[in-house]
Amino acid sequence: MNPTARRTALLVPVALLAAAVALVAQRPLHHRAGWQPWLGTVNGVVFWSLAALPLSAALVWLAARRRPGAGAWRRPAALAVMVHGTVPWVWMIMLPGPGAGTAPRRVSLLPLHDLWEILTHGTPVTATVQIIGNLLVFAALGYVAPLRFPALASAWRVLALGAACSVLVETAQYVLWLDRVSSVDDVLLNAAGAGLAALASRRRWGR
């Protein structure tokens with residue numbers, strides 16, 4: 001068994017074990033009935049994201065087998081990283097709040113207002129989680145997109161891509177009435193995270 005296949009095989013039990021630990025550590029989901037605990041909670045997002053890792057690893061391995069040669073695994077692996085690094089974050093920020101469908105829709109269009117409120121009135125933990133979380137939403141997309149798609153090998157283009165994706169998410173939050181604030185500050189942080197991640201991968205562009 002070659003080293004790549006060995007690492008892929010080892011990833012399966014490790015990912016499944018991590019998924020089980022994540023499920024147990026954050027309290028069992030079966031205390032709440034129906035599908036909502038499994039699909040509509042952060043616990044559920046963590047569980048399914050980890051549980052899907054073995055399938056992604058297997059798909060990367062199969063794609064690399066179809067095109068043997070040095071570096072055949074890089075493109076499918078890049079796509080897998082982009083998906084796994086983006087979908088769970090988007091899933092989490094699209095989770096409905098307690099007043100979904102009933103609470104008034106909220107929009108914040110004043111730049112840096114929400115960020116200032118968090119920094120001045122929120123706890124340090126809340127501010128850190130909010131800011132870092134928003135920076136990471138499209139970070140994987142920003143890191144991998146210039147490597148996978150040569151037309152996006154520009155920090156400004158990735159910044160625009162991150163902003164466009166964030167606008168779509170914030171608009172969806174408003175249209176679907178998810179009891180979340182559609183904020184321009186979220187767009188700014190999401191786009192900044194994508195742009196910074198693109199700069200981090202800049203040395204590898206074009207390879």
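**Reading contacts and angles in a predicted model**

The charged end of R105 sits over the ring of W177, 4.2 Å from its centre.

Q: What should I know about the model before I start?
A: This model is predicted; local features need pLDDT of at least 70, side-chain atom pairs count only at pLDDT 80 or more, and totals for chains, interfaces and linings use all residues. Residues are numbered from 1 along each chain as its sequence is written, and side-chain values use heavy atoms, without hydrogens and water.

Q: At what angle do helix α8 and helix α9 pack?
A: Angles run from 0 to 180 degrees between N-to-C directions, with axes fitted to C-alpha atoms over the stretch in contact. Helix α8 (residues 139-148) and helix α9 (residues 155-175) pack at about 135 degrees, and their axes are 10 Å apart. Helices are DSSP runs (H or I, at least four residues); strands are E runs of at least two. Under 35 degrees is roughly parallel, over 145 roughly antiparallel, 65 to 115 roughly perpendicular, and the rest oblique. So α8 and α9 are oblique to each other.

Q: Which residues of α8 and α9 make the contact?
A: Contact means heavy atoms within 4.5 Å. From α8 come L141, G142, A145 and P146; from α9 come V158, L161 and C165.

Conventions
A charge sits over a ring if NZ of Lys or CZ of Arg is within 6 Å of the ring centre and within 35 degrees of the ring normal.
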